[in-house]
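Dear colleague,

Please find the structure below, handed over for your own work. The findings follow directly after it.

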Amino acid sequence: MDASVDDLLSFKEFPLMNEASGSQSAQININSPQRAVPSIDDQDDQDGTAKGSGSAKGGSIFSFEYYQRFFDVDTMIVVDRIATSMIPKRAPINYLKLNIATNPDLYGPVWIVLTLIFTIAISGNMASYLQNTGNHHWRYNFHLVSYSATAIIMYTLLVPCALWGFLKWSIRPSELDMEEEEVVGSPSLLSLVCIYGYSLAIYIPVSVLWTIQVSLFQWLLVITGAFLSGFALLTILMPAVKKSKYSLFIVLAIELAHFALAAGFMLYFFHAPDIDTPVETPLPKAITSVIVNTTMQSKNA
């Protein structure tokens with residue numbers, strides 16, 4: 001065992017044959033590590049893949065890939081945008097430019113709109129049932145689905161279109177020459193539809209609470225929901241609105257439209273109509289005396 005250990009620790013020369021010179025010498029070949037460089041073909045393949053994916057995103061308007069990019073979001077982005085649409089001052093100043101304009105999506109707005117349509121229809125029928133307690137002839141009103149769908153879809157599409165056109169027309173000419181500020185000064189139509197779609201998320205829980213048949217509580221929900229959602233909406237749009245010549249008018253129009261939508265939901269689908277109870281008016285003394293005389297004569301006869 002000791003001899004073998006000494007043999008292992010002793011220095012020895014191992015002869016290597018040099019095929020070129022035929023001489024025998026001890027050589028130590030030390031090669032520095034080299035980094036593998038991709039070939040030109042691999043680079044071409046990588047570029048081709050990227051180009052192919054880019055062309056797929058910008059496909060024809062009649063292809064599925066064209067609309068797929070509008071739904072390319074994950075759960076965390078959708079949750080963050082829903083929270084930003086409900087909590088005022090949560091969005092930073094450049095939220096429209098960095099978060100919405102770079103990746104406007106329709107996934108969240110579509111699901112929010114569909115959920116709100118059926119939530120209002122179901123909750124509206126529940127409120128109608130509570131208002132007609134004891135009425136055995138009450139029936140479910142399926143027309144509330146079409147009514148709520150018409151109101152919500154028109155608001156989600158028409159209001160952003162009107163705001164987009166007004167911002168395009170009223171923007172100051174000095175900002176149009178600045179390429180960096182153009183995105184902030186004039187947001188795209190898709191970005192506005194995305195923002196307004198998310199702004200309706202707060203009315204989903206509010207519509208359930210509207211079934212409570214207390215008029216004061218219902219109006220407090222209208223004011224609270226419209227204020228929170230409208231203020232958060234203005235926080236996101238303010239960098240674009242303040243560059244318009246009529247910024248004050250736009251702010252008032254946005255807030256009034258948002259409040260009118262909330263008040264319209266509550267009054268049409270949930271608010272109990274005021275029923276005037278008939279008041280019994282006393283008959284004049286002359287008429288009562290005539291009635292008494294006629295009854296006495298009939299008894300005597």
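Y147, Y203, W210, F265, Y268, F269 and F270 form one aromatic cluster. Rings of Phe, Tyr and Trp (its six-membered ring) are paired if their centres lie within 6.5 Å; planes under 30 degrees apart count as stacked, over 60 as edge-to-face and the rest as tilted.

Please note that this is a predicted model, in which local features need pLDDT of at least 70 and side-chain atom pairs count only at pLDDT 80 or more, while totals for chains, interfaces and linings use all residues. Residues are numbered from 1 along each chain as its sequence is written, and side-chain values use heavy atoms, with hydrogens and water left out.

Helix α13

Helices are DSSP runs (H or I, at least four residues), numbered from the N terminus. With 24 residues, α13 spans 34 Å from its first C-alpha to its last, close to the 34 Å expected at 1.5 Å a residue; the expected span is 1.5 Å times one less than the number of residues.

Aromatic pairs

The search of the whole structure returned 14 aromatic pairs. One of them joins F166 and Y246 in a tilted arrangement, with 5.9 Å centre to centre and 55 degrees between the planes. This pair links distant parts of the chain, since F166 is in helix α7 (residues 143-170) and Y246 is in the loop between α12 (215-241) and α13 (247-270), 80 residues apart. Y246 is partly exposed because its relative accessibility is 39%. Y246 also pairs with W169: the ring centres are 5.7 Å apart and the planes are at 0 degrees, so this pair is stacked. W169 belongs to helix α7 and Y246 to the loop between α12 and α13, so the pair ties together parts 77 residues apart in sequence. At 57% relative accessibility, W169 counts as exposed, whereas F166, at 25%, counts as partly exposed.

Salt bridges

Two salt bridges were found in the whole structure, the criterion being a side-chain nitrogen of Lys or Arg within 4 Å of a carboxyl oxygen of Asp or Glu. In one, D80 and R90 bring their closest N and O atoms to 2.9 Å. D80 is in helix α4 and R90 in the loop between α4 and α5 (95-100), so parts 10 residues apart in sequence are tied together. D80 is partly exposed at 29% relative accessibility, and R90 is partly exposed at 38%. D105 forms a salt bridge with R81, with the closest N and O atoms 2.3 Å apart. D105 sits in the loop between α5 and α6 and R81 in helix α4, so this pair ties together parts 24 residues apart in sequence. Both D105 and R81 are buried.

Nonpolar surface patch

I61, F62, Y67, F71, Y107, V110, W111 and L114 form a nonpolar patch on the surface, with about 850 Å² of accessible area together. Helix α6 (residues 107-131) gives the most to this patch, with four residues. F71 lies in the loop between α3 (64-68) and α4 (75-86), and is partly exposed at 36% relative accessibility. Patches are made of residues with over 30% relative accessible area and no salt bridge; like charges are joined within 9 Å, and nonpolar side chains (Val, Leu, Ile, Met, Phe, Trp, Tyr) within 5 Å. Accessible areas come from the Shrake-Rupley method with a 1.4 Å probe; for residues, only the protein chains shown count as cover.

With kind regards

Notes: Helix = DSSP H or I, 4+ residues; strand = E, 2+ residues; numbered from the N terminus. Buried < 20%, exposed > 50% of the residue type's maximum accessible area, 1.4 Å probe, protein only.
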